[in-house]
Amino acid sequence: MNKKSSENIFLSIVIANYNKEKYLEKCLLSLLEQKTACKYEIVVIDDGSSDNSVKILNEIVMDESHRTVVRFLKRSHKGKVNAFNHGVSIAKGEFIKLFGSDDIANSDMISKIYHQVNSSKILIHDCAICDINGIVTKSRFLRLKSETTKFKTKEIIRGKSYPSGNYVFPRSIANRIFPIDERSTYEDWYISFIISLEKYCVKIIPDSLFGYRQVNNSAWGGVNNYSLDIIQYRANRDIKMLDIFSEGASSCVFKQITEKKKVLQELVDFEFSKLIKSNLLIKDKFLLLLKVMIYRFDSRFINWLLKIKQNFTEH
């Protein structure tokens with residue numbers, strides 16, 4: 001930990017790092033070279049990396065030329081959600097922002113956050129999409145429009161959510177959202193669900209404040225790499241998330257969760273490969289359809305699946 005004063009910190013940027021040596025230094029430098037007079041800190045939880053991440057972190061922490069507080073904790077591997085929970089619990093800022101260890105911050109990210117945040121509202125901003133080399137391929141990923149709103153739980157259950165790195169939380173609200181349930185397979189959906197249940201006010205701005213790097217060896221292999229196995233894997237994973245959501249849910253929310261799980265279970269159980277081999281489904285068109293509909297709940301979708309299954313049985 002460096003010895004710079006950590007009093008009156010405006011923003012804490014919490015990073016969960018695991019074996020991202022290839023991108024970590026550029027990520028941290030983009031945060032350290034911010035054009036702002038605001039006082040902020042960077043909190044990095046290294047989740048048991050076996051590469052050179054720790055060496056990179058030590059070198060940056062020891063560099064006294066940086067005016068920003070950098071706190072770094074190395075520990076055994078416990079998972080990303082646990083790492084974010086740990087980082088938020090020790091963060092000292094008035095506002096909290098999660099950040100990916102392979103993301104790249106715009107030089108004015110913190111300055112723009114400073115001029116947009118409100119102590120009673122959660123802030124959501126856009127981001128750009130970058131390739132593996134950090135080159136921007138899409139300037140606005142979410143295509144947000146300026147508005148102040150509250151999330152609708154029904155829409156979140158159907159699959160609408162925002163990436164965790166696009167939020168900025170006032171400390172008072174972060175203390176009520178975190179710690180995230182560590183059974184969650186990914187934090188984005190969980191955070192959006194809690195925000196909807198608690199009816200927190202959300203301020204949305206269209207500004208892209210950082211670059212989200214799409215890495216080909218991620219769990220999804222990129223947004224264009226859809227396969228039947230991946231789709232069924234994610235559907236099964238989402239069923240487990242919905243089981244978490246259902247705990248203590250009201251009867252209305254529980255009913256919505258049950259309807260969503262029914263659709264996902266059809267995806268998990270469906271023998272798509274047999275249908276494709278039988279020429280009842282054209283693979284490319286079918287994958288495109290699934291890509292559009294898998295997380296946009298529609299009762300017509302499940303009826304369509306059942307009709308195809310019936311046709312297959314009749315053949």
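Arg 143 is found in the loop between β7 (136-138) and β8 (147-149), where helices (H or I, at least four residues) and strands (E, at least two) are DSSP runs, numbered from the N terminus. The model is predicted, so local features need pLDDT of at least 70 and side-chain atom pairs count only at pLDDT 80 or more, whereas totals for chains, interfaces and linings use all residues. Residues are numbered from 1 along each chain as its sequence is written, and side-chain values use heavy atoms, with hydrogens and water left out.

Arg 143 is not a glycine, yet its phi is positive, at about 50 degrees. With 57% relative accessibility, Arg 143 counts as exposed; here buried means under 20% relative accessible area, exposed over 50%, and partly exposed in between (1.4 Å probe, protein chains only). Lys 199 is another residue other than glycine with a positive phi, near 60 degrees. This lysine lies in the loop between α7 and β10 (202-213), and it counts as exposed at 55% relative accessibility. A further backbone feature is the cis peptide bond that joins Phe 178 and Pro 179, with omega at about 5 degrees. Pro 179 lies in the loop between α6 (171-177) and α7 (187-198).

For the protein as a whole, there are twelve helices and ten strands. Of its 315 residues, 50% count as buried. Contact means heavy atoms within 4.5 Å. Among contacts between residues at least 6 apart in sequence, 81% join residues at least 24 apart.

Now for a pair of helices. Two packed helices are described by the angle between their axes and the distance between the axes. The axes of α1 (residues 21-32) and α2 (residues 53-62) come within 9 Å and cross at roughly 25 degrees. That makes α1 roughly parallel to α2. Angles under 35 degrees count as roughly parallel, over 145 as roughly antiparallel, 65 to 115 as roughly perpendicular and the rest as oblique. The axes themselves are lines fitted to C-alpha atoms, for helices over the stretch in contact, and angles run from 0 to 180 degrees between N-to-C directions.

On the α1 side, the contact is made by Glu 21, Leu 24, Glu 25, Leu 28 and Leu 32, and on the α2 side by Ser 53, Ile 56, Leu 57 and Ile 60. These residues divide into six nonpolar, one polar and two charged. In this grouping, Ala, Val, Leu, Ile, Met, Phe, Trp, Tyr, Cys and Pro count as nonpolar, Asp, Glu, Lys and Arg as charged, and the others, Gly among them, as polar.

Helix α3 (residues 80-90) is the one in which Val 88 is found. In α3, the buried residues are Val 81, Asn 82, Ala 83, Phe 84, Asn 85, Gly 87 and Val 88. They pack against β1 (11-17), β2 (40-47), β3 (69-75), β4 (95-100), α6 and α7. Val 88 counts as buried because its relative accessibility is 3%. Leaving aside neighbours within four places in sequence, Val 88 is in contact with Val 14, Ile 96, Leu 98, Arg 171 and Phe 178. Leu 98 is ten residues from Val 88 along the chain, and their C-alpha atoms are separated by 8.5 Å.

Helix α7 has twelve residues and reaches 17 Å from its first C-alpha to its last, close to the 16 Å expected at 1.5 Å a residue. The expected span of a helix is 1.5 Å times one less than its number of residues. The helix is mostly covered, with nine of its twelve residues buried, among them Trp 189, Tyr 190, Phe 193 and Ser 196. Ser 196 is buried, with a relative accessible area of 1%. Beyond its neighbours within four places in sequence, Ser 196 is in contact with Phe 151, Lys 152, Thr 153 and Ile 156. From Ser 196 to Ile 157 there are 39 residues in sequence and 9.8 Å in space, C-alpha to C-alpha.

Helix α9 (residues 251-269) has 19 residues and reaches 26 Å from its first C-alpha to its last, close to the expected 27 Å. Its buried residues include Val 253, Ile 257, Lys 260, Leu 264 and Leu 267.
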